Amino acid sequence: MSLDVSLYKKIKCPHCGETVETGEEIYSSNITHNLGGMAEAAGIYMHLWYPEELGIKSAAELIEPLTKGLELMESNPAHFETFNASNGWGKYKHFMPFVQNYLNACRENPDAAVNADR
């Protein structure tokens, strides 16, 4: 089981002026559910797994929480490595680049629509 995160391009409708999602995926990534405990400890579980429940609709809204979560994980690797999955499927060394890459994509596409599939 895994988490799939995606960002979708938005454009301003030339007819009504509303911002609408185009359906064009501009970023996607996947990570194991085994990292849920690590994400929870970093304060970013809901932001990654259930952004819609927090009312998050755009990538810009993820920048601050993902930055804080990443900084927290970087500040104490030994603590976060205690959340490594015992079966080897889901480790700190895998989660860090996942969060960093997603954060970078959010920074590069702040207007993008956010989607999380579990």
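Student: Which residues does Ser58 touch, not counting residues up to four places away in sequence?

Tutor: A word first: this is a predicted model. Now to your residue. Leaving out residues up to four places away in sequence, Ser58 touches Lys10, Pro110, Ala112 and Val114. Ser58 itself sits in the loop between H2 and H3. Is it buried or exposed? Its relative accessible area is 15%. Buried means under 20%, so Ser58 counts as buried.

Strand S1 covers residues 2–12, and strand S2 covers 19–32. S1 and S2 run antiparallel, joined by 10 bridges. Look across from Ser6 and you find Ser28 in S2. S1 and S2 form a hairpin with six residues between the strands. There, Gly17 takes a positive phi near 85°. S1 also pairs with S3, again in the antiparallel sense, over five bridges. In S3, Ala116 is the bridge partner of Val5.

Back to the loop between H2 and H3. Glu52 lies in it too. The structure holds two salt bridges. In one of them, Glu52 pairs with Arg118, and the closest N and O atoms are 2.9 Å apart. Arg118 belongs to the segment after S3, so this pair ties together parts that are 66 residues apart in sequence. How open are the two partners? Glu52 has 41% relative accessibility, so it is partly exposed. Arg118 has 42%, and is partly exposed as well.

Why can such pairs form? Side chains of opposite charge can pair when their charged atoms come close.

Follow the chain on into H3. Here Glu64 forms a salt bridge with Lys68, with the closest N and O atoms 2.9 Å apart. The two residues are four apart in helix H3, so about one helical turn separates them. An α-helix has 3.6 residues a turn, so residues three or four places apart point the same way. Glu64 and Lys68 are both exposed.

H3 has buried residues too. They are Leu62, Pro65, Leu66, Thr67, Gly69, Leu70 and Met73. What do they pack against? The partners are helices H1, H2, H4 and H5, plus strand S3.

The largest nonpolar core has 31 residues. Those with the most contacts inside it are Leu7, Ile44, Leu48, Met73, Phe95 and Tyr102. Which elements give two or more residues to this core? They are S1, S2, H1, H2, H3, H5 and S3. H5 gives the largest share, nine residues. Ile44 shows how parts meet. Leaving aside neighbours within four places in sequence, Ile44 is in contact with Ala39, Pro65, Leu66, Gly69, Met73, Phe95 and Val99. Pro65, Leu66, Gly69 and Met73 are among the buried residues of H3.

Last, the rings. A pair of aromatic rings is described by the distance of the centres and the angle of the planes. The count comes to six aromatic pairs. One of them is Phe95 with Phe98, a stacked pair with 6.0 Å centre to centre and 15° between the planes. These two are three residues apart in helix H5, so about one helical turn lies between them. Phe95 is buried at 0% relative accessibility. Phe98 is buried at 4%. Phe98 also pairs with Tyr102: the centres are 6.4 Å apart and the planes stand at 40°, so this pair is tilted. Phe98 and Tyr102 are four residues apart in H5, again about one helical turn. Tyr102 is buried too, at 1% relative accessibility. Ring pairs also bring in Tyr27: Tyr27, Phe95, Phe98 and Tyr102 are linked into a cluster.

Terms used: Residues are numbered from 1 along each chain as its sequence is written. This is a predicted model: local features need pLDDT of at least 70, side-chain atom pairs count only at pLDDT 80 or more; totals for chains, interfaces and linings use all residues. Side-chain values use heavy atoms; hydrogens and water are left out. Rings of Phe, Tyr and Trp (its six-membered ring) pair if their centres lie within 6.5 Å; planes under 30 degrees apart count as stacked, over 60 as edge-to-face and the rest as tilted. Buried means under 20% relative accessible area, exposed over 50%, partly exposed in between (1.4 Å probe, protein chains only). Contact means heavy atoms within 4.5 Å. A nonpolar core is a set of buried Ala, Val, Leu, Ile, Met, Phe, Trp, Tyr and Cys residues joined through side-chain atoms within 4.5 Å. Two strands pair if DSSP finds at least two bridges between them. A salt bridge is a side-chain nitrogen of Lys or Arg within 4 Å of a carboxyl oxygen of Asp or Glu.
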